[in-house]
Amino acid sequence: MGGLLKRKTTSSSLFLLPLFLAFFFLIFLERSVVVVSGLDYSKHRQVNSLRLKRIQKHLDKINKPAVMTIESPDGDIIDCVHKRKQPALDHPLLKNHKIQRVPPEMPRVKTTKGEEVNRDYNTTSSNSEERTVLNSRGAWQMWHQNRTRCPKGTVPIRRSTVNDVLRAKSLYDFGRKQRRMALARRTDAPDVVSGNGHEHAIAYTGTSQEVYGARATINVWDPSIQVVNEFSLSQIWVLSGSFDGSDLNSIEAGWQVSPELYGDSRPRLFTYWTSDSYQATGCYNLLCSGFVQTNSKIAIGAAISPVSLISGNQYDITILIWKDPKLGNWWMGFGDNTLVGYWPSQLFTHLADHATMVEWGGEVVNSRANGAHTSTQMGSGHFAEDGFGKASYFRNLELVDSDNSLSTVEDISTLAENTNCYNIKSSHNNEWGTHFYYGGPGNNPRCP
């Protein structure tokens, strides 16, 4: 009997052994899983090693070897990469591309009626009220604060991390915008939310003219964002192609607050491009191949500092996008005609020739996370009617024409899908030319 019991115990042990092995295997597997936390906005979730390998392979592709590395006070790592090693040149259409060394022909400022166009971007007045505005020489980049610069012949690139990728919906979605829904571009556009949850307050030109560039000075704020996958941006769009098809070409630049993309709530200089309506081509900043950077002092995607304060100092940045009439590339200028880099014309179909529309203004994502309209702010979070020092603005709106001349925009339309949430009001005066105030708080009693 004792022997029988012993045999039963032994057979039970043999039966339980696979269970113990499975248990220890699960513990080992769990420990082999990488738990990623990182910044405040990171999602605390487990990542299996296969996915981590895919992410790291992608990061190795876009994070190029650095000649020098700079640590920014805000936690960014800025890699100084040799300009011939930058991500842009990995693009299949740019395999034999030679970086443009000849400076592009800057647009000339067109005068009207014999009067010089006002170019004093530091002090402006309106309605006899003096207003101090500190331009992009004041609103600069946070990584400059330690007074370290990238060496000549290199370009500063914000390093992407595993956490950056994990905040995106997927590796494919990392650094990409969602496909844009066609906006009803009519002055009597109905107050409805865009189908994909994106809301705008924009000024725009008609579609009947040939456009070769645009410029504006944009007030910089740090709007609050309700949830990690929402953003708030203020930018210029240079567009051509079909808005309701798959061939829209767009070149974009401005500032944005995007916790998902950057892991914080700081306003950052950004660029974007697409040649197929945001489907498979293009990306933010230098997160894919395409945009060729030439400047060693400006890091696209880096934080802008300082920012404007309610009833306090106002900071703004001037952005110019235009087509070089000689070589055909689309260049980006920042501040006082500082060249940042260019989008080669080979990247585009319609924009290889010219643009047909320009938009200026704000955009937010309204995900209705709690069943109500988002409280993500646009601009400063104040409505347009609150005016200077409270509402955000775009000023000195200009277009580049076929003879490479800049002139004030004379005729613009405005659009806001839901004026109870975000709105826009345009005007014109001698100092600010064509300009507008825009923005709003999002959720409020009239925007439930």
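Student: What relative accessible area does cysteine 150 have, and is this residue buried or exposed?
Tutor: This is a predicted model, in which local features need pLDDT of at least 70 and side-chain atom pairs count only at pLDDT 80 or more, while totals for chains, interfaces and linings use all residues. Residues are numbered from 1 along each chain as its sequence is written, and side-chain values use heavy atoms, with hydrogens and water left out. Buried means under 20% relative accessible area, exposed over 50% and partly exposed in between (1.4 Å probe, protein chains only). Cysteine 150 has a relative accessible area of 7%, so this residue is buried.

Student: How far apart in sequence are the parts that cysteine 80 and cysteine 150 tie together?
Tutor: The two form a disulfide (a pair of cysteine sulfur atoms within 2.5 Å), with their sulfur atoms 2.1 Å apart. Cysteine 80 lies in strand S4 and cysteine 150 in the loop between strand S8 and strand S9, where strands are DSSP runs of E with at least two residues, numbered from the N terminus. The pair therefore ties together parts separated in sequence by 70 residues.

Student: Which handedness does the link of cysteine 421 and cysteine 447 have?
Tutor: Their sulfur atoms are 2.0 Å apart in a disulfide, and both cysteine 421 and cysteine 447 are buried. With 95 degrees about the S-S bond, the link is right-handed.

Student: What is the torsion about the S-S bond of cysteine 283 and cysteine 288?
Tutor: Cysteine 283 is buried, with a relative accessible area of 2%, and its sulfur lies 2.1 Å from that of cysteine 288. The disulfide is left-handed because this torsion is about -90 degrees.

Terms used:
Helices (H or I, at least four residues) and strands (E, at least two) are DSSP runs, numbered from the N terminus.
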